[in-house]
Amino acid sequence: MPPIFPPLEQALPSHHDLFYNGAWRKPLASTYNDTLNPSTGKPITRVAQASASDVDAAVEAAHEAFLSWRKTTIAERQACLHRAGAILREHAGELALADAVNTGNPVTEMLVDANRAANSLDYFAGLIPMLRGETLPGPFPADAYLHYTVREPIGVVARFMASNHPFMFAGSRMASVIAAGNTVVVKPPDQAPLSCLRLAELLDGVFPPGVLNILPGGPECGQALATHPLVKKVTLIGSVATGKVIQREAADTLKPTLLELGGKNALIAFPDANIDQLVQGVVNGMNFAWAGQSCGSLSRVFLHKSIHDEVLDRVVQIIQHKYRPGLSTDPATTMGSLVSKVAQDRVLDYIASAHAEGAKLFHGGGKPAELAETELAGGFFVQPTIFTDVLPHMRIAREEIFGPVMSVFPWTDESEMLRIVNSTSYGLTGSIFTRDLATAQRMISQVEAGFVWVNEVGKHFLNVPFGGVKESGNGRDECLDELLAFTAVKSVNIKLQ
Ligand SMILES: NC(=O)c1ccc[n+]([C@@H]2O[C@H](COP(=O)([O-])OP(=O)(O)OC[C@H]3O[C@@H](n4cnc5c(N)ncnc54)[C@H](O)[C@@H]3O)[C@@H](O)[C@H]2O)c1
């Protein structure tokens, strides 16, 4: 049965202000910005922008709330987190719709996001008993000293969200912070804050006031959070460029960061790969449904020369059949737009650079012509695009495009191919297609990435660490490490004699 979505008015938040200390509050500077529907380019409504003074008030309140929340029992925290998860599942359709209309991603594709967030809330609720320390032998006789450690929450945590899956990231990433006994200030993406505001409405009253706070805003809000002395850790799901800015901002107060950043990920195909699986993997790995806007998108495809032409022909056949750009809130739409005009221009600029640098356009390469005379003409769409004959020095070979543009490299020499695979500054994901375990293992140990699939693409597995090496970030999410990242170890030494 096709999914049923509520009317759009029911999905959109009725509040457009700041949510902190358990209530909706007007921004002190009365600043509101338009937020757009990327399918049409038209405004949906206006949303409050938190200033540094708003951040100050919200963080003070979150800090007060922390002093009580840190003392709550396992059962109390679990009850709140499970309740939040159940609410998200119940409202999956409207949250998907709120994100679809504001991000441009197809609504049917966003339907799973509520479950993903709910699963994280349940998962981290279940992990709370793992917040434990250890007893340790020391340098003196055991009857002279007792040494042990305890894990304590750290305080207020700021969590900045990326624009591709706003409420899924907000819902899932608040879980670890709150489960560990901290309070959280979530900053939704500037381009698409509406689903996070709806999330705040739905979860209003689930946690004590001040535990969950949602502050829409731009760089001023972000900077104020990253530099605030009462914010004890700052985390970002976003681009490498923003990650560097936040790391610098956090440095003044020597705040630790947890950065989940971009990727320029490689899919490596060997001649012995199962060609059917590989073709599906090349298509699905690009996440064309949300216009390539995924950190894990396998946007560099290394095809062995012996299978290169066959695979590409079949990939294009599937793309032509599978992806129809359209209105994001229409359940029949299979491909969305970019999130903003800025993003669309950036992608078109990369396409222009590929032409200028001599790559060969194999498919797509511009705005979808079929939308030109429709109500979507002002939308931020770009066709699924494939370039072949890509050389390592080209911009499309080195930089994250965060759009529906795939760069294909034929290869014959394994060590030269690996050199190119590892030649970018990113290191998030990688995928290897082969039927030979020894080949797979040889690649696994040499590919510079934090997360590697074999004969698979795109999937995340809750409880399996996700994160990058090199400039793709630090820390690991979706696992016990994420929970522990929001605690500090305290060592206790008791003199017994
Ligand atoms: N590693 C992951 O798990 C993961 C997941 C999704 C997206 N991403 C990455 O996110 C990027 C796309 O998302 P985006 O376009 O929203 O990224 P972005 O870097 O432009 O923005 C991310 C967030 O940072 C905020 N921000 C911007 N400037 C700031 C500042 N000076 N101080 C504090 N906050 C600031 C934005 O408002 C937004 O909330 C891509 O690079 C993608 O690969 C990574």
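R25 lies over the face of Y20, 5.0 Å from the ring centre. The charged end of K233 likewise sits over the ring of F486, at 5.5 Å from its centre. Here a charge sits over a ring if NZ of Lys or CZ of Arg is within 6 Å of the ring centre and within 35 degrees of the ring normal. This is a predicted model, in which local features need pLDDT of at least 70 and side-chain atom pairs count only at pLDDT 80 or more, while totals for chains, interfaces and linings use all residues. Residues are numbered from 1 along each chain as its sequence is written, and side-chain values use heavy atoms, leaving out hydrogens and water.

Let's turn to the rings that meet other rings. Rings of Phe, Tyr and Trp (its six-membered ring) pair if their centres lie within 6.5 Å; planes under 30 degrees apart count as stacked, over 60 as edge-to-face and the rest as tilted. The count comes to 9 aromatic pairs. One of them, F302 with F409, is stacked, at 4.4 Å centre to centre and 10° between the planes. Because F302 lies in strand 13 (residues 300-304) and F409 in strand 16 (residues 405-411), this pair ties together parts that are 107 residues apart in sequence. Strands (E, at least two residues) and helices (H or I, at least four) are DSSP runs, numbered from the N terminus. Both F302 and F409 are buried, meaning under 20% relative accessible area (1.4 Å probe, protein chains only), with exposed over 50% and partly exposed in between. F451 and W453 form an edge-to-face pair, because their ring centres are 5.3 Å apart and their planes are at 75°. F451 counts as buried at 6% relative accessibility, and W453 is buried at 4%. Together with F466, F451 and W453 form one aromatic cluster.

Next, the nonpolar interior. A nonpolar core is a set of buried Ala, Val, Leu, Ile, Met, Phe, Trp, Tyr and Cys residues joined through side-chain atoms within 4.5 Å. The largest has 66 residues, and L267, L278, V311 and I396 have the most contacts inside it. Helix 11 (residues 305-322) gives the largest share of this core, 7 residues. Leaving aside residues up to four places away in sequence, L278 touches L267, A269, A273, L303, I307, V311 and F433, where contact means heavy atoms within 4.5 Å. A second, separate core of 57 residues includes I87, L95, M161 and I214.

Finally, look at helix 15 (residues 437-444), where T439, A440 and M443 are buried. Seen down the helix axis, the buried residues fall within an arc of 100°, so they line one face of helix 15; the arc is that of the directions from the axis to the C-beta atoms. What covers them includes strand 12 (266-269), helix 14 (414-421), strand 17 (429-433) and strand 18 (451-454).
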